[in-house]
Amino acid sequence: MFTPSLSLRRLRLVTVAFPTTAERLCAADAARFHDAMRVQRAEEPISLDDDLVLAGDNLPVLRRLPAGFFDVVYMDPPFNTGRARTLRATSATADDTATRIGFGGRRYRSRLLSSLSYEDEFADYLGFLEPRLAEVRRLLAVHGTLYFHIDYREAHYCKLLLDEIFGRDAFLNEIIWAYDYGAKPRRRWPAKHDTILAYVRTPGAHHFDADAVEREPYMAPGLVGPEKAARGKRPTDVWFHTIVATGGAERTGYPTQKPAGVVRRLVAASSRPGGWCLDPFAGSGTLGAVCGELGRRFVLIDSSAAAVEVMRVRLAGGRAAARRGRVSPALPARAART
Ligand SMILES: C[S@@+](CC[C@H](N)C(=O)[O-])C[C@H]1O[C@@H](n2cnc3c(N)ncnc32)[C@H](O)[C@@H]1O
């Protein structure tokens with residue numbers, strides 16, 4: 001059973017339960033709250049004076065959050081793959097009596113160290129998403145943006161649903177995150193991209209700071225001249241970025257963890273320092289880690305006790321680590337391609 005554990009590193013807090021949009025924390029205020037984060041059960045009273053991790057179903061939580069509060073909502077729901085999403089960590093030790101044969105013909109015994117998983121099968125996927133998306137639209141600030149992360153199985157149905165809820169004129173972008181990892185079938189093109197659909201709360205009034213996003217190398221630098229080539233180009237709607245590397249520092253062990261480099265771009269472009277960001281399907285807490293780095297505030301929700309525990313460990317020292325420079329910087333796009 002899940003037992004809520006409060007961060008021991010909380011500082012003195014100023015209680016501003018459900019401030020209106022006008023009362024929201026500005027960048028200067030944010031400094032007062034640094035190093036604070038609270039982990040709690042979803043049914044407990046919610047006070048938006050602190051970075052927050054909430055354990056429970058997101059729908060009742062979304063209904064209790066104040067309208068117009070968030071600059072960015074990043075939403076990465078289960079993709080309806082029809083199977084449990086699991087990540088197992090194993091260790092291998094040499095053992096002459098074992099049946100598994102490895103490099104050089106040596107025999108190994110595998111031991112399961114950990115296994116994290118969540119269910120990913122829905123009888124009515126769009127029926128599950130619809131009320132959550134309607135709430136998310138209500139929660140966005142006038143200048144706010146939703147980034148909805150999905151894959152090829154459901155992307156087209158989700159686009160239609162989002163058009164219906166937000167309006168077609170609120171559609172900002174279809175971002176393609178391209179990676180290159182895993183099995184490659186030989187009878188069709190290997191599917192190696194996810195889709196991120198971006199919708200704004202108010203067409204024409206959304207915040208978007210193109211200069212806040214790190215630039216990337218030109219594909220053909222010889223065509224643009226040395227000065228432009230050195231400066232790099234602004235990213236387009238196709239992002240080449242590796243998945244979270246197995247054994248890399250960023251890896252939490254949570255299945256379907258998304259790379260901070262992908263989430264960092266959208267937070268940097270669509271929110272301001274001190275602004276609030278929300279992730280209703282937070283998993284390992286990638287949005288929170290990025291917010292910690294970039295000086296944004298966050299609310300993260302997940303129904304899995306394992307996810308909440310991963311977030312508690314990952315994010316407790318997030319802001320302090322970012323200040324000490326321990327959080328890995330953005331990868332240059334070319335280096336990041338696998
Ligand atoms: C694709 S994962 C998110 C991964 C995350 N973006 C990351 O980088 O680690 C989807 C998450 O949604 C959570 N989830 C599924 N249904 C939920 C619900 N009704 N309320 C809250 N969380 C839910 C699952 O437990 C899972 O952790």
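**Ligand shell.** I started at the ligand: by class, its shell has 7 nonpolar, 8 polar and 4 charged residues. My classes: Ala, Val, Leu, Ile, Met, Phe, Trp, Tyr, Cys and Pro are nonpolar, Asp, Glu, Lys and Arg charged, and the others, Gly among them, polar. In total 19 residues surround the ligand, and the closest are Phe 281, Gly 283, Ser 284, Thr 286 and Ser 304. A residue counts as near if its C-beta atom, placed from the backbone, lies within 6 Å of the molecule.

**Ground rules.** This is a predicted model, so I keep in mind that local features need pLDDT of at least 70, side-chain atom pairs count only at pLDDT 80 or more, and totals for chains, interfaces and linings use all residues. Residue numbers run from 1 along each chain as its sequence is written.

**Whole chain.** I get 10 helices and 12 strands, taken as DSSP runs numbered from the N terminus (helices H or I, at least four residues; strands E, at least two). Of the 338 residues, 33% count as buried. Buried is 20 or more other C-beta atoms within 10 Å of the residue's own, exposed is 12 or fewer, and partly exposed is in between, with C-beta atoms placed from the backbone.

**Core.** Which residues have the most contacts inside the largest nonpolar core? They are Phe 70, Val 73 and Cys 277, in a core of 64 residues. Its largest share, 7 residues, comes from α6. Here a core is a set of buried Ala, Val, Leu, Ile, Met, Phe, Trp, Tyr and Cys residues joined through C-beta atoms within 7 Å. Leaving out residues up to four places away in sequence, I find Phe 70 touching Leu 139, Leu 140, Ala 141, Gly 144, Trp 276, Cys 277 and Leu 278 (contact: C-beta atoms, placed from the backbone, within 7 Å).

**Helix α6.** I checked residues 260–270: 11 of the 11 are buried, so α6 is largely enclosed by the rest of the structure. Among them are Arg 264 and Arg 265.

**Strand β12.** Why is β12 (residues 297–302) largely enclosed? Because 6 of its 6 residues are buried. Arg 297, Val 299 and Ile 301 point one way, Phe 298, Leu 300 and Asp 302 the other. Strand β2 (residues 51–55) runs parallel to β12, joined by 4 bridges, with Val 53 partnering Leu 300. Pairing needs at least two DSSP bridges. Strand β11 (residues 276–279) is also parallel to β12, with 4 bridges, and Trp 276 partners Arg 297. From β11 the chain crosses through helix α7 (residues 286–294) to β12, a right-handed β-α-β crossover.

Technical notes: Two residues are in contact if their C-beta atoms, placed from the backbone, lie within 7 Å. A crossover is right-handed if, with the strands pointing away from the viewer, the path from the first strand over the helix to the second runs clockwise.
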